[in-house]
Structure formats: structure tokens, C-alpha cells
Amino acid sequence: MKLTRRMLGCALAATATVGLALPAAAQQATQALTSESVIEQIKQDGVIRIGLSLFVPWSMRDKNGDLIGYELDVGRKLAEDMGVEVEFVPTSWDGIIPALVAGNFDVIISGMSVTAQRNLTINFTDPYAYSGLAIMANKELTAGMSLEDLNSPDVIFTARRGATPAVVIADHFPKAQLLLFDEDGASAQEVLNGNAHATMAAQPTPNREAGRNPETLVVVEGDLYDPRGEGFALRKGDPDALNYFNNWIAQQWRSGWLEARHNYWFATEDWADQVAQ
């Protein structure tokens, strides 16, 4: 069968039409993704809503009841650079990811460690902070005990429900009892009161608490557990937001701003007189 000139012309025209349609379709898809980005919603509303859970020194209330901490500095700086207002939405830790997915706020900035399990549900930015976990123990209850001795049915650990320390404790000390609380303060208080042997928290919290209560608390020596970075958490399917937040974080690392604010809140106690002891 011979291909006539007319048939060849039609085939070339069809190919050209398809060739033009593909870039157009791709452009339309890109525009649709851009218009649906939470970044566009933030710009339209003039406010970024940030979900966080209260734990020292990431985010806490001062003596006047106002929110202060590393997360608050980060969130306010982010909003300032975006040219919008900021609204912080305190949320219980065990419900903070479902609340993000449900659209109760735009992003989580709350010292959330990047984990594979969480990443199945949400996306993470590059780290804006780095930390590791240490064991803080009741000095009297754990006197003479080795690290291996803590992995015993007679030992009671405490942790905040849904937080990384709860997972790490269960993994490293599976034989020990694990009591879960809604806030870090409650789990640490159980150890301080002698109702539990130990808890686990991101440094420098254990060092700070042991320094304040040297007669009662001790930090168990050894390598930090689960050293990793903390990232902003955002809903899946939003490449524009992920790109913007990553670029913002990178710029703040390069400028030294993130390091300076992290050092202020985690390496000093210059802020301690602002909160109730």
C-alpha cells in the first residue's frame, strides 16, 4: 500500500497537533498544581497557620501566657519573609498529623523528627533543626543500674504519647514498662517524683532538667539515640510548598539565622526567667 501525499500530510499534521497538545496539557497541569498549593492559599488569606505542640524549649508559654520558643521564632520569621501574618494552632501531639491532613492548619513546625512511617502520610522539608535523644533517670531508683539493666520488666519508662521517644524506648528497651502521657512535662514529672525510673527526650532538655534537679535526676551517659533532623511537615501533593519551604530553610542556614536561634534556645538558658519553673 502506497502512502499518498495527502495521507502523509494528514499524518504530519496530526503529529504536529499532538506535539503541540502535550506541552499545553503539561502546562495546564502545572498551573493547576500551582493554583492548588497551600502557598497560594496563604498569600490569598494573608496568614500562615502553623500547627505545633507545646514542649520546652521548642514551644511553650511564658509567665503571661504568650507563646515563646524556637518554633515561634521560626514561624514568625517565616511569616515575615512571606509578607503575611502568622497564626499558631496548639495541638495535641498524637493528633497533630491528622489535623494537618484535615486542613486545620497549613504546616506543622513542631520539632517533628523525619521518620519513614510519618513520611507515608505527610511530606517533610529539609531539616531546620538537629537533635538526638538522651535518657534522663531518677538517681535513686536507678542507682547501680547499667544501661542493660534498664531493659527489665521491673523498670518503668515514661514518654509523650505519639512522640519519637516512645518509639525509641519500645525498640531499645522492649522488656521495660512504658507509661504514656499527653505532654513531655507530665512524663518528666513522673521520673522527678520517683514514680518512674526514666524517660527520654531530645537534648538539651535532659541536661537542663538534670542541672536543675541534681539531687534527683541524672543523664545516662552514652551515645545519643535516634540522632536525626527535624523538618516542617506538610500535606502530600504540594511541590510548590515543599520547594518554597526548602529554599527558605536553606537560606536561613546560609545566613546563620537558624543556627543562632537554635543556639539561643538550646545552648543557653537566657530565656529561662520568662517561664515558670
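Modeller: Buried means under 20% relative accessible area, exposed over 50% and partly exposed in between, with a 1.4 Å probe and protein chains only. The model is predicted, so local features need pLDDT of at least 70 and side-chain atom pairs pLDDT 80 or more, whereas totals for chains, interfaces and linings use all residues. Residues are numbered from 1 along each chain as its sequence is written, and side-chain values use heavy atoms, with hydrogens and water left out.

The whole structure has 16 aromatic pairs. Rings of Phe, Tyr and Trp (its six-membered ring) pair if their centres lie within 6.5 Å; planes under 30 degrees apart are stacked, over 60 edge-to-face and the rest tilted. Helices (H or I, at least four residues) and strands (E, at least two) are DSSP runs numbered from the N terminus. Phe55 is buried at 9% relative accessible area, and Trp93 is buried at 6%. Tyr264 and Trp265 also pair edge-to-face, with 4.9 Å between centres and 85 degrees between planes. Ring pairs join Phe55 and Trp93 into a cluster whose members include Trp58, Tyr70, Tyr128 and Phe232.

Among the 23 residues that line the largest cavity, Phe55, Gly111, Leu133, Pro165 and Ala202 lie nearest its centre. On a 1 Å grid over the protein atoms alone, a cavity is a set of points where a 1.4 Å probe fits but cannot get out; a pocket is an open set with protein on both sides within 12 Å along at least five of seven lines, and lining residues have an atom within 4 Å of a point. The cavity holds about 240 Å³, a volume being the space filled by probe spheres set on the points, which are joined across faces, edges and corners. Strand S7 (129–138), helix H6 (164–172), strand S10 (198–202) and strand S12 (225–230) each give at least two residues to this lining. By class, the lining has 11 nonpolar, six polar and six charged residues. Ala, Val, Leu, Ile, Met, Phe, Trp, Tyr, Cys and Pro count as nonpolar, Asp, Glu, Lys and Arg as charged, and the others, Gly among them, as polar.

Pro165 belongs to H6, where Thr164, Ala166, Val168 and Ile169 are buried along with it. Their cover includes helix H5 (116–119), S7, strand S8 (156–160), strand S9 (177–181), S10 and S12.

H6 also supplies the largest share, five residues, of the lining of the second largest pocket. That pocket has a volume of about 300 Å³. Its lining comprises 17 residues, with Thr115, Gln117, Arg118, Gly162 and Val167 nearest the centre. H4, H5, H6 and S12 give two or more residues each. The classes here are seven nonpolar, five polar and five charged.

How values were computed. Contact means heavy atoms within 4.5 Å.
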